[in-house]
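Hello,

Here is the structure I promised to pass on to you. Have a look at it first, and then read my notes below.

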Amino acid sequence: MTAPPTADEFLACVLARTIEGLRNVAVGTSSPVAATAALLVETESAGRTRASILGSRRYNPFNDGGSEIHDRAAQGRIDAFFLGGGQIDGRGNINLVGTGSYPGVNVRFPGGYGSAFLYFLIPRVILFREEHSRRVLVPKVDFVSAPGTSPPAVHRTGGPHALVTRLCVMEFDRAAGGFRLQSLHPGVELAEVRDATGFDFEIPADVARTPAPEPGRLELIRGVVREQVAETYPEFAKTRIGDA
Amino acid sequence: MSSVTGPPETTVDELAARIADGCLLALPKPDAGASMAAIRALIRRGAKGLRLWCLPAAGLQADLLIGAGCVASIECSGVSLGEFGAAPRFRRAAENGTVRVVDSTCQAMYAAVQAGEKGMPFVGLRGIIGSDILAHRDDWKTMQNPFAGDEDPVVVLPAVRPDVALIHARLRDSFGNLWVGNAREAVVLAHAAHGSVATFEAHYDGNLLDDERMTAGTIAPIYVEAAAHAPKGAWPLALPGTYPADRECLAGYAAAAATEDGFAAWLDRHALGTDRAA
């Protein structure tokens with residue numbers, strides 16, 4: 001009898017659905033859940049989807065320094081990537097720099113890292129932030145590390161595709177420049193998402209339920225994928241993934 | 001085969017003395033050859049007004065220098081302790097406005113220093129337009145792509161040549177060649193900077209340029225002004241492929257540096273007085 005999914009295993013399966021069938025999926029540093037999702041999809045696809053886990057030696061094909069992932073993204077050779085945000089607003093703008101009136105920040109975040117470049121150039125960027133609150137999902141970010149949309153004249157081949165939190169999945173409508181609720185995680189009600197979201201979003205007539213992990217996926221995560229993840233994230237693999 | 005010999009070996013403290021107060025000091029990202037031994041020596045000598053330029057992001061090196069009052073400004077794409085969380089002294093200094101933070105993005109850091117390496121005047125980049133990072137960069141411009149028929153704005157950045165690059169190499173031979181393995185950031189910084197200083201882990205018997213397997217990771221002495229032997233010189237950070245990070249020490253730092261007193265005590269124990277790693 002398989003134990004029910006941990007929160008991180010559940011979210012890894014949600015993220016996995018956003019990247020299935022793609023060729024090259026890259027995962028940035030300090031992103032163990034996204035790394036689990038990418039390695040899961042790579043394993044299931046027998047390598048047709050290639051996961052590039054930054055910070056890994058074994059699952060990272062880049063050997064030309066930290067610029068290589070940006071170089072490949074600019075060439076259009078990376079299909080999907082994951083970004084977070086200290087703040088995310090309803091236009092898909094993300095803030096990784098700080099709150100308050102820059103440069104006099106109230107709370108300083110680590111920084112934008114690759115976002116101001118990669119958000120423009122990777123076709124499918126999945127925003128993943130486990131916390132779903134009005135603190136994070138704000139009407140307007142205090143600082144735009146990277147904008148969700150751009151004027152037509154600006155070269156842009158990439159941008160936000162979906163937002164995944166502990167409560168729900170929202171898809172980003174690039175034409176409308178906003179989010180549409182796609183599915184509520186098990187046990188989550190619409191009112192809860194509304195209360196915890198600081199921006200307006202479209203609510204379709206029928207809101208789906210985020211499915212439970214597909215048969216076989218938990219076993220894969222708890223087996224071969226856990227070993228792969230442990231190379232980069234030993235603590236996460238040990239404590240946040242269930243026993244086989 | 002090169003008959004050029006490098007500069008004579010020096011000590012870590014003499015190396016730190018060559019890094020002038022107020023200079024534009026380039027540091028590679030924490031896993032690409034971080035000379036923690038020289039960072040500690042800079043703190044011991046009371047360096048002031050350093051302008052850090054971190055390719056492309058910063059970590060413990062910058063946090064220690066900031067906490068110790070050695071830094072006037074820092075330019076990079078981000079500062080953190082990785083899995084050990086936010087960089088506490090950077091965060092506090094940014095929030096209090098005691099250090100000027102020049103926010104950039106990874107590819108802008110790489111492109112600017114690669115332009116410096118090639119002696120190019122500037123470089124054009126995709127992306128960035130519409131980011132508040134650009135809005136706060138007086139030194140960056142947006143221009144029409146001169147090769148495009150249609151409207152095509154691009155961001156252009158001036159090339160960067162740091163005054164000094166500080167790196168930690170794995171090996172040094174008697175000809176002055178340094179071997180940094182696959183630490184590409186260390187190579188590009190050494191090529192772009194006006195001068196470089198390096199600590200290194202161990203001596204190499206022979207000439208690094210004689211072995212095809214070693215040449216790609218070798219920095220020739222033309223780029224290096226001074227080198228000092230510093231075994232475990234990246235400690236407590238990892239030197240990938242050589243030794244792992246001292247996780248206990250890093251976790252202890254993240255906790256201690258949350259307060260000014262805790263930081264001072266940590267510094268006293270691990271950086272001042274006798275260098276534990278030296």
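Helices here are DSSP runs of H or I with at least four residues, strands are runs of E with at least two, and both are numbered from the N terminus.

Before going on, some background. This is a predicted model, where local features need pLDDT of at least 70 and side-chain atom pairs count only at pLDDT 80 or more, while totals for chains, interfaces and linings use all residues. Residues are numbered from 1 along each chain as its sequence is written, chains are lettered from A and ligands numbered from 1 in the order in which they are written, and side-chain values use heavy atoms, with hydrogens and water left out.

Back to α2(B), which spans residues 36–44. This helix is mostly covered, with 8 of its 9 residues buried (under 20% relative accessible area, with a 1.4 Å probe and protein chains only; exposed is over 50%, and partly exposed is in between). Among the buried ones are Met36(B), Ile39(B), Arg40(B) and Leu42(B).

Helix α4 of chain B (residues 88–96) buries Pro88(B), Arg89(B), Phe90(B), Ala93(B) and Ala94(B). Their cover includes β7 (104–108) of chain A, as well as α3, β4, β5, α9 and α10 of chain B. Just past α4(B) there is another positive phi, about 75°, at Gly97(B).

Now to chain A. Strand β1 (residues 24–27) is covered on both faces: Asn24(A) and Ala26(A) are buried on one side, Val25(A) and Val27(A) on the other. In a regular strand, side chains alternate between the two faces of the sheet. β1(A) pairs with β2(A) (residues 50–53) in the parallel sense over 4 bridges; two strands count as paired if DSSP finds at least two bridges between them. Ala26(A) has Ser52(A) as its bridge partner in β2(A).

Chain A also has an open sheet of 3 strands, ordered β5-β4-β9, with mixed pairing. β5(A) and β9(A) stand at the edges with a single partner strand each, so one side of each has no neighbour in the sheet. β4(A) (residues 87–89) runs parallel to β9(A), joined by 2 bridges, and Ile88(A) stands opposite Leu137(A).

Enjoy exploring!

Best wishes

How values were computed: Contact = heavy atoms within 4.5 Å.
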